[in-house]
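Hi,

Here is the structure I said I'd pass on. Have a look, and my notes on a sheet and a helix pair follow below.

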Amino acid sequence: MRELTFTQAINEALVEEMERDSSVFVMGEDVAAFGGVFGVTKGLHETFGDRRVFDTPLSETLIVGAAVGAAITGLRPVAELQYSDFLGIAMDEMYNKAAKWKFMHGGRLNVPMVVRAPEGAKGGAGAEHSQSPGGLFQSAFGMYVLMPTNPADAKGLLKSAIRDDNPVLFLEHKALYSKRGPVPDGEHLVPIGVAATPRRGDDVTIVAWGNLVPRSLQAADALADEGIDVEVIDPRGIRPLDIDTILASVEKTGRLVLVHEAPGAGGPGAEVAAVVADRMIDVLEAPVLRVTTPDTYFPQSVHLERLMLPGVTEIADAVRKVMR
């Protein structure tokens, strides 16, 4: 099996889907000749030309609105926002138009579009370029919110997203772009709404999102030396949420730790904690714990940023606490 970086895997997914389907095109700020602010679309313009890979004005409202318009006329746009922090500028187009129009028009319209957006803290980019806003879209009925955590999932989920007839917000953690991992040869699709369980265990369930999945796996390996057997679940996104896999794991372990880079308030862990409390509080042997960033904004300092981000130590400490 080949090894690709996260960036190469996304690029390969775009190339394969554009070769397979002439209705797929890419647009966004500096995605053409420049290849995107993080180099993800590099080479696409040379291969597919001006009509299928083109730059847009610096307007997130225009980018998402144009994608909605193209999608309802039968095309399959893949729009790139340079930072997911800018989703707020296009919130009406995302939350009201892309997510709802299929249902507001009696199911007569499909909105097959993908909005790719880098998220997360890396390099001290500060309060407006470091956030993980996926939780804002937990109530966006009609929209999928996907968050791949390794190159194989990045490729397989993006290909599935492009082929789906529903709008998809595809969040890519910036710290993962350079990470390498195995990617299957040939056609590779990952189903939407199916969680992965990269580590099996019987004592504690960790549900982690984004860049904190690999850190949770490191914590689980360290805890194994202490005789604590941790199961790690990667939901691969926020909507749709594979709650059945999470509940089955909690029923087995009786203990749950939720780990994500977004703040605890309004983050994806809050919804999972509520569902677990609703359906199976009687099986819990300890309170549900969350490991998140503090309820504040990211600083413009790599040193302070590092202090805010949950690490292996904080995750392992939370697991030890629910085991007491």
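Arg199 sits opposite Val232 of E11. The strands involved are E9 and E11 (residues 230–234), which pair in the antiparallel sense over two bridges; pairing here needs at least two bridges found by DSSP. Helices (H or I, at least four residues) and strands (E, at least two) are DSSP runs, numbered from the N terminus.

Before you go further: this is a predicted model, with local features needing pLDDT of at least 70 and side-chain atom pairs counted only at pLDDT 80 or more, while totals for chains, interfaces and linings use all residues. Numbering runs from 1 along each chain as its sequence is written, and side-chain values use heavy atoms, leaving out hydrogens and water.

Zooming out, there's an open sheet of five strands, in the order E9-E11-E10-E13-E14 and with mixed pairing. Its edges are E9 (196–199) and E14 (289–293), each pairing on one side only. From one strand to the next, the twist averages 25 degrees.

Now the helices. The axes of H7 (residues 212–224) and H11 (residues 312–323) come within 9 Å and cross at roughly 55 degrees (axes are lines fitted to C-alpha atoms, for helices over the stretch in contact; angles run from 0 to 180 degrees between N-to-C directions). That makes H7 oblique to H11, oblique being whatever is left after under 35 degrees (roughly parallel), over 145 (roughly antiparallel) and 65 to 115 (roughly perpendicular). In the contact (heavy atoms within 4.5 Å), H7 brings Arg215, Ser216, Gln218, Ala219 and Leu223, and H11 brings Val312, Ile315, Ala316, Val319 and Arg320.

Cheers
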